[in-house]
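User: Hello! I would like to learn how to read a protein model step by step. Could you take me through this one?

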Amino acid sequence: MAGELILIVEDDELNLKLARDTLQVKGYRTLEANAARRGIELARQHQPDLILMDIQLPGMDGVTALKQLKADPFTAAITVAAFTASVMRDDCDRITHAGFDAYVTKPIVVREFLETIRGLCDLKPGGAA
Ligand code: MN
């Protein structure tokens, strides 16, 4: 089961820890960054199967980070989900327009979260890139 590598970019310690622990229990491998620049660096180095990207981050925000990832041939094909507390319709539209492949809401609800992650990992035929 699982085994995919997931990069979590999140500046809130608790959200980061919850997401990481939940994924690891299910057998996913994880990478963590608490700022966008570090996240981009890790994405280039490790080519994760999925990135969970917080929107509000210190320094560079998640939307800008997404644009950089998508503009870079080394990271352009990686699925990037906005990891966000926003649930308002307008926010969803804004996130989709920004070019995210999906969004994952937080605080996470374990079962929903895992279902969403599984679905996103399965988007790519063959699983691990
Ligand atoms: Mn944040």
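Analyst: The place of a charge is taken as NZ of Lys, CZ of Arg, CG of Asp or CD of Glu. This is a predicted model, where local features need pLDDT of at least 70, side-chain atom pairs count only at pLDDT 80 or more, and totals for chains, interfaces and linings use all residues. Residues are numbered from 1 along each chain as its sequence is written, and side-chain values use heavy atoms, with hydrogens and water left out.

User: How far apart do the centres of the positive and negative side chains lie in the protein?

Analyst: Using that way of counting, the protein has 15 positive side chains and 19 negative ones.

User: In what order do the elements of the protein run from the N terminus?

Analyst: Helices (H or I, at least four residues) and strands (E, at least two) are DSSP runs, numbered from the N terminus. The protein has five helices and five strands. Read from the N terminus on, their order is β-α-β-α-β-α-β-α-β-α.

User: What is the radius of gyration of the protein, and what does the globule rule give for 129 residues?

Analyst: The radius of gyration is taken over C-alpha atoms, and the globule rule is 2.2 Å times the number of residues to the power 0.38. The protein is as compact as a globular protein of its length, because the two values are close: 13 Å for the protein and 14 Å from the rule.

User: What percentage of the residues in the protein is buried?

Analyst: Buried means under 20% relative accessible area, exposed over 50%, and partly exposed in between (1.4 Å probe, protein chains only). Of the 129 residues in the protein, the buried share is 47%.

User: Is aspartate 54 buried or exposed, and is glutamine 56 buried or exposed?

Analyst: Aspartate 54 has a relative accessible area of 5%, so it is buried. Glutamine 56 has a relative accessibility of 68%, so glutamine 56 is exposed.

User: Which residues does leucine 52 touch, leaving out those up to four places away in sequence?

Analyst: Leucine 52 sits in strand 3 (residues 50-54), and it is buried, with 0% relative accessibility. Contact means heavy atoms within 4.5 Å. By that test, leucine 52 touches Ile6, Leu7, Ile8, Val9, Ala81, Phe83, Val104, Phe113 and Ile117.

User: Where is phenylalanine 83 found?

Analyst: Phenylalanine 83 is one of the residues that leucine 52 touches. At 0% relative accessibility, phenylalanine 83 is buried. Its place is in strand 4 (residues 79-84).

User: Which residues does isoleucine 95 touch, not counting those up to four places away in sequence?

Analyst: Isoleucine 95 belongs to helix 4 (residues 89-98). It is buried, at a relative accessible area of 4%. The residues it touches are Ala82, Thr84, Phe100, Ala102 and Tyr103.

User: What is the phi of glutamine 47?

Analyst: Glutamine 47 lies in the loop between helix 2 (36-46) and strand 3. With a relative accessible area of 36%, it is partly exposed. Although it is not a glycine, glutamine 47 has a positive phi of about 50°.

User: Is the peptide bond from lysine 106 to proline 107 cis or trans?

Analyst: Proline 107 is in the loop between strand 5 (102-105) and helix 5 (110-121). The peptide bond from lysine 106 to proline 107 has an omega near 0°, and it is cis.

Conventions: Lys and Arg count as positive and Asp and Glu as negative; His and the chain ends are not counted.
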